[in-house]
Amino acid sequence: MNWNNIDTNPGESEDEYEARKSQESQSATGILFAVFAIFIFILKMGTIFGMFFYGGFLLSQKFWGDETSKFKILGLALLFTYVIFCVIYFIKGIIIGLRSKNKKFWILPWGICVLLCCIVPAFVVKSVVVSMYSLTERQGILCIVLSWGAFIFCLLYTYSIYQFNSATAPKILHWSYTWGLRLSS
């Protein structure tokens, strides 16, 4: 038994011990990165879809009332969320159609979409970052820089996902996008 390494297996050499420990360390690091990647994915999805799902949830509560089962409210919330995204991609179709005809009016629906889909979620993220600091630390330079940095990062990230200036739409929402494109043509 190696007295320097009390967790060695019986009959294990020093080289075998080092190889096993290295493999265990790499496995633990891999698991840590996988958990971190899942957390980042959930954070991204919450940022992109969370506000619209919450809006759909509030609409479904107003529509069904408080005494309705949670399953019906969840189903209707998903339906309202889909409708909200249909409206967004309908407006995106109008933006692309107006832009292709060189009409300057495309800036108004573009501004509405950027406001709803990019700026509002970025302010929510900024508020979450600010809320992580105590009231006395919120006026500090670190809090201000991190919160506005999170705002800018979230704004640019969500804008890169929606791509309001390119003629793309998810397959599930393409019909809505096409209607907006036809309306502006």
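In the predicted model, the protein chain contains five helices and zero strands, and its elements, taken from the N terminus on, run α-α-α-α-α. The radius of gyration of the protein chain is 25 Å, well over the 16 Å that the globule rule gives for 185 residues, so the chain is more spread out than a compact globule. Along its principal axes, the C-alpha trace spans about 80 × 45 × 40 Å, and 29% of the 185 residues count as buried.

Helix α1, which covers residues 14–64, and helix α4, which covers residues 141–162, have axes that come within 11 Å and cross at roughly 75°, an angle that makes α1 roughly perpendicular to α4. In this contact, Lys44, Thr47, Ile48 and Phe52 of α1 meet Cys154, Tyr157, Thr158, Ile161 and Tyr162 of α4. By class, the contact of α1 with α4 has six nonpolar, two polar and one charged residues.

Cys154, one of the α4 residues in this contact, counts as buried at 6% relative accessibility. The sulfur of Cys154 is 8.3 Å from the closest cysteine sulfur, that of Cys118, and is therefore too far away for a bond. With a disulfide requiring two cysteine sulfur atoms within 2.5 Å, the count for the model comes to zero. Cys113 is likewise in no disulfide, the nearest cysteine sulfur being that of Cys117 at 5.5 Å, and Cys113 is buried, with a relative accessible area of 2%.

How values were computed. Residues are numbered from 1 along each chain as its sequence is written. This is a predicted model: local features need pLDDT of at least 70, side-chain atom pairs count only at pLDDT 80 or more; totals for chains, interfaces and linings use all residues. Side-chain values use heavy atoms; hydrogens and water are left out. Buried means under 20% relative accessible area, exposed over 50%, partly exposed in between (1.4 Å probe, protein chains only). Axes are lines fitted to C-alpha atoms, for helices over the stretch in contact, and angles run from 0 to 180 degrees between N-to-C directions. Helices (H or I, at least four residues) and strands (E, at least two) are DSSP runs, numbered from the N terminus. Angles under 35 degrees count as roughly parallel, over 145 as roughly antiparallel, 65 to 115 as roughly perpendicular and the rest as oblique. Contact means heavy atoms within 4.5 Å. Ala, Val, Leu, Ile, Met, Phe, Trp, Tyr, Cys and Pro count as nonpolar, Asp, Glu, Lys and Arg as charged, and the others, Gly among them, as polar. The radius of gyration is taken over C-alpha atoms; the globule rule is 2.2 Å times the number of residues to the power 0.38.
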